[in-house]
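Reader: I am new to this structure and would like to go through it step by step. Could you show it to me before I ask anything?

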Amino acid sequence: MLSAKSLFQEILDHDESFALFCSIAASGESQGGWENARIAALVPETQRGLAPRIARHGADEDKHGRIFNALMRKRGLQPVPVPPETDYTRLLEQKGIGLAHGRLRRDEPLTVQDIVTYLAHSRVTEQRASEQMELLRKHFADHPDLGRAVRMISHDEDNHLAYCHEELLRLAYAGHGRAIQRTLRECALAEIRVHRDVSLAVMARMGRILGWSGPRAAVLAAGVHAVYAYERLGGWRRMVSLRTPERRNALGGPASAAPEFA
């Protein structure tokens, strides 16, 4: 049976595939932590009120990276190199989505348009992260090893998504609505392609590790292509809509601690 739960359970039960999964996740989260820390340091004066929230976002991402590394240590596993074709954050940057790392390494204040670009990129990618963690929470919230980690990360990703909605709406009301919608659309259409390519690459790697048959691998690849077709035909629009979130000021406080994972 090729359900999401059975597929992930198979990955979870095998040390090599679990180490690859956690390494890919930890790398992406740690990269997000660095990006947010740099953006917080370079926020323009007119948007300085955003800096603590961006820093909180980065602290959450760093925490998630530590959690995935701790899950590996708990099983006596070491992180493994992340195959380039599975590096979601690097591939998005190569597509010109978000703020380039070269820009973030320079000690020059960002512009308001840069902040729009950052928030639009985050709104799209946090939609993906929130949905993926919701799926894991649905099936593994009570898992003895993963449950607490899944619930904590899922809660944080929902906070990040709420924050992006709230801040983009604020900027839209300030007169940046057209730039926001244009940037959101560009980000969403690029993200769904990168997500497809990364999903195919991860499934191919997992298939080799777990010894999947050709027909099974083909069915899983067809599923990835079907998701992309749905998203390309209109599913991407869920990533660009903006609404007032139920969680207001979601990143207004300090990052929650995770001492059992650190």
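Reader: In which helix is Arg151 found?

Author: This is a predicted model, in which local features need pLDDT of at least 70, side-chain atom pairs count only at pLDDT 80 or more, and totals for chains, interfaces and linings use all residues. Residues are numbered from 1 along each chain as its sequence is written, and side-chain values use heavy atoms, with hydrogens and water left out. Helices are DSSP runs of H or I with at least four residues, and strands are runs of E with at least two, numbered from the N terminus. The run that covers residues 147-210 holds Arg151, and that run is helix 7.

Reader: Is Arg151 buried, partly exposed or exposed?

Author: Buried means under 20% relative accessible area and exposed over 50%, with partly exposed in between, using a 1.4 Å probe and protein chains only. Because its relative accessibility is 39%, Arg151 counts as partly exposed.

Reader: How far apart in space are Arg151 and Arg38?

Author: Along the sequence, 113 residues separate Arg151 from Arg38. Taken from C-alpha to C-alpha, their distance in space is 27 Å.

Reader: How many helices does the protein chain have?

Author: Read along the sequence, the pattern of the protein chain is α-α-α-α-α-α-α-α. There are zero strands, and the number of helices is eight.

Reader: What share of the residues of the protein chain counts as buried?

Author: The protein chain has 262 residues, and the share is taken over these. Those that count as buried make up 51%.
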